[in-house]
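I opened this model to check a few positions and the packing inside the chain. My notes follow in the order I looked things up.

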Amino acid sequence: MKMSIGQTIEMIYLDKAGKITQRKIEVRGIRDGRVRATCLSTGQPRVFLAANILSWRPVPERQHA
């Protein structure tokens with residue numbers, strides 16, 4: 001399965017402090033090992049290292065936000 005721009009996903013992520021978080025994001029861009037996205041819980045733009053995404057799945061349309 002491949003992540004694509006405009007897709008809403010739920011992911012488990014390992015941040016730079018070593019903390020594991022789970023969040024829903026809307027993918028805005030993917031380039032050079034980085035995923036640019038909008039965090040749906042805060043509405044803020046974020047950049048995630050693709051290598052630190054431990055798992056992800058697409059979110060069905062009816063479950064956004």
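The model is predicted, so I read every value as computed from it.

Is Thr 21 buried or exposed? I get 16% relative accessibility, and because the cut-off for buried is under 20%, Thr 21 counts as buried. I then checked its side chain and found a polar contact of 3.5 Å to the side chain of Arg 23. Setting aside residues up to four places away in sequence, I list Met 11, Ile 12 and Tyr 13 as residues that Thr 21 touches.

Next I went to Ser 4, which sits in the segment before strand S1 (8-14). Ser 4 has 37% relative accessibility and therefore counts as partly exposed. Beyond its neighbours within four places in sequence, I see Ser 4 in contact with Val 27 and Ile 30. I also took the C-alpha separation from Ser 4 to Glu 61: 15 Å, for two residues 57 apart along the chain.

Last, I looked up the largest nonpolar core. It has 10 residues: Met 3, Ile 9, Met 11, Tyr 13, Ile 25, Val 27, Val 35, Ala 37, Phe 48 and Ile 53. Which strand gives the most to this core? S1 does, with 3 residues. At least two residues of the core come from each of S1, S2 and strand S3 (34-39).

Not counting residues up to four places away in sequence, Met 3 touches Ile 9, Val 27, Ile 30, Val 35, Ile 53 and Trp 56.

How values were computed:
Residues numbered from 1 in each chain as written. Predicted model: local features only at pLDDT ≥ 70, side-chain atom pairs only at ≥ 80, totals over all residues. Heavy atoms only, no water. Buried < 20%, exposed > 50% of the residue type's maximum accessible area, 1.4 Å probe, protein only. Polar contact = N/O pair within 3.5 Å; in protein donor to acceptor, adjacent residues only side chain to side chain. Contact = heavy atoms within 4.5 Å. Helix = DSSP H or I, 4+ residues; strand = E, 2+ residues; numbered from the N terminus. Core = buried A, V, L, I, M, F, W, Y, C linked by side-chain atoms within 4.5 Å.
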